[in-house]
Amino acid sequence: SMKVSKQKALDKDEVMTLPEGAEYLKVCERTLWSLAKEGKVPCQKVGKQYRFLRSVLRGHLASGMVTEA
(Lines give C-alpha, C1' and ligand atoms only; values in the text may rest on other atoms or scores of the structure.)
Protein backbone atom coordinates (compact mmCIF):
# COMPACT_ATOMS: atom_id res chain seq x y z
CA SER A 1 0.00 0.00 0.00
CA MET A 2 0.96 3.65 -0.29
CA LYS A 3 1.33 3.95 3.51
CA VAL A 4 3.87 1.09 3.69
CA SER A 5 6.11 2.46 0.91
CA LYS A 6 5.98 5.95 2.43
CA GLN A 7 7.04 4.51 5.81
CA LYS A 8 9.94 2.64 4.17
CA ALA A 9 11.13 5.91 2.62
CA LEU A 10 10.99 7.56 6.05
CA ASP A 11 12.85 4.67 7.69
CA LYS A 12 15.62 4.96 5.11
CA ASP A 13 16.50 8.47 6.25
CA GLU A 14 14.71 8.68 9.55
CA VAL A 15 15.35 11.72 11.74
CA MET A 16 16.45 10.59 15.19
CA THR A 17 16.73 12.33 18.54
CA LEU A 18 19.85 11.95 20.68
CA PRO A 19 18.41 9.06 22.76
CA GLU A 20 17.19 7.29 19.60
CA GLY A 21 20.54 7.79 17.87
CA ALA A 22 22.47 6.53 20.88
CA GLU A 23 20.23 3.47 21.13
CA TYR A 24 20.65 2.82 17.39
CA LEU A 25 24.46 2.97 17.71
CA LYS A 26 24.41 1.07 21.03
CA VAL A 27 26.41 3.83 22.76
CA CYS A 28 25.50 5.95 25.77
CA GLU A 29 23.79 9.26 25.08
CA ARG A 30 26.76 11.18 26.49
CA THR A 31 29.09 9.57 23.93
CA LEU A 32 26.90 10.56 20.99
CA TRP A 33 26.36 14.03 22.49
CA SER A 34 30.15 14.53 22.78
CA LEU A 35 30.74 13.35 19.20
CA ALA A 36 28.02 15.71 17.94
CA LYS A 37 29.32 18.64 19.99
CA GLU A 38 32.87 18.07 18.68
CA GLY A 39 31.58 17.95 15.11
CA LYS A 40 32.61 14.32 14.66
CA VAL A 41 29.07 13.24 13.77
CA PRO A 42 27.03 15.46 11.43
CA CYS A 43 23.81 16.61 13.04
CA GLN A 44 21.36 19.48 13.11
CA LYS A 45 20.75 21.42 16.29
CA VAL A 46 17.11 22.29 16.85
CA GLY A 47 16.93 24.66 19.79
CA LYS A 48 18.96 22.89 22.48
CA GLN A 49 18.41 19.45 20.99
CA TYR A 50 20.33 17.50 18.37
CA ARG A 51 18.80 15.66 15.43
CA PHE A 52 20.54 12.93 13.47
CA LEU A 53 19.79 11.14 10.22
CA ARG A 54 19.80 7.36 10.56
CA SER A 55 21.66 6.99 7.25
CA VAL A 56 24.41 9.37 8.43
CA LEU A 57 24.83 7.49 11.72
CA ARG A 58 24.93 4.19 9.83
CA GLY A 59 27.55 5.60 7.46
CA HIS A 60 29.75 6.73 10.34
CA LEU A 61 29.35 3.40 12.08
CA ALA A 62 30.26 1.53 8.89
CA SER A 63 33.32 3.68 8.32
CA GLY A 64 34.51 3.14 11.88
CA MET A 65 34.30 6.85 12.71
CA VAL A 66 31.92 6.39 15.61
CA THR A 67 33.76 4.72 18.49
CA GLU A 68 33.41 4.66 22.23
CA ALA A 69 35.76 7.14 23.86
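Biologist: Which residues make up the largest nonpolar core?

Modeller: The largest nonpolar core has 12 residues in all: Met16, Leu18, Ala22, Leu25, Val27, Leu32, Leu35, Ala36, Val41, Tyr50, Phe52 and Leu57. H2, H3 and S3 each supply at least two residues of this core. The model is predicted: local features need pLDDT of at least 70, side-chain atom pairs count only at pLDDT 80 or more, and totals for chains, interfaces and linings use all residues. Numbering starts from 1 along each chain as its sequence is written, and side-chain values use heavy atoms, without hydrogens and water.

Biologist: What makes a set a nonpolar core?

Modeller: Its members are buried Ala, Val, Leu, Ile, Met, Phe, Trp, Tyr or Cys, joined through side-chain atoms within 4.5 Å.

Biologist: Why does leucine 25 count as buried?

Modeller: Its relative accessibility is 7%. Buried means under 20% relative accessible area, with a 1.4 Å probe and protein chains only. Leucine 25 therefore counts as buried. It lies in helix H2, a DSSP run of H or I with at least four residues. Its C-alpha is separated by 9.6 Å from that of arginine 54, 29 residues apart along the chain.

Biologist: Which residues of H2 are buried, and what puts them on the same side?

Modeller: In H2 (residues 18-25), Leu18, Gly21, Ala22 and Leu25 are buried. They cover an arc of only 100° around the axis, so they sit on the same side of H2. The arc uses directions from the helix axis to the C-beta atoms. Their cover includes strand S1 (15-17), helix H3 (29-37), strand S3 (49-53) and helix H4 (54-62).

Biologist: How do you know whether H2 is roughly parallel or roughly perpendicular to H3?

Modeller: H2 and H3 pack at an angle of about 110°, with their axes 8 Å apart. Roughly perpendicular covers 65 to 115 degrees. H2 is therefore roughly perpendicular to H3. Leu18, Pro19, Gly21, Ala22 and Leu25 of H2 make the contact with Glu29, Leu32 and Trp33 of H3. Contact means heavy atoms within 4.5 Å. The residues of this contact divide into 6 nonpolar, 1 polar and 1 charged.

Biologist: What do the buried residues of H4 line, and why?

Modeller: Arg54, Leu57 and His60 are the buried residues of H4. Seen down the axis, they fall within an arc of 130°, so they line one face of the helix.

Conventions. Buried < 20%, exposed > 50% of the residue type's maximum accessible area, 1.4 Å probe, protein only. Axes fitted to C-alpha atoms, helices over the stretch in contact; angles between N-to-C directions. Parallel < 35°, antiparallel > 145°, perpendicular 65-115°, else oblique. Nonpolar A, V, L, I, M, F, W, Y, C, P; charged D, E, K, R; others polar.
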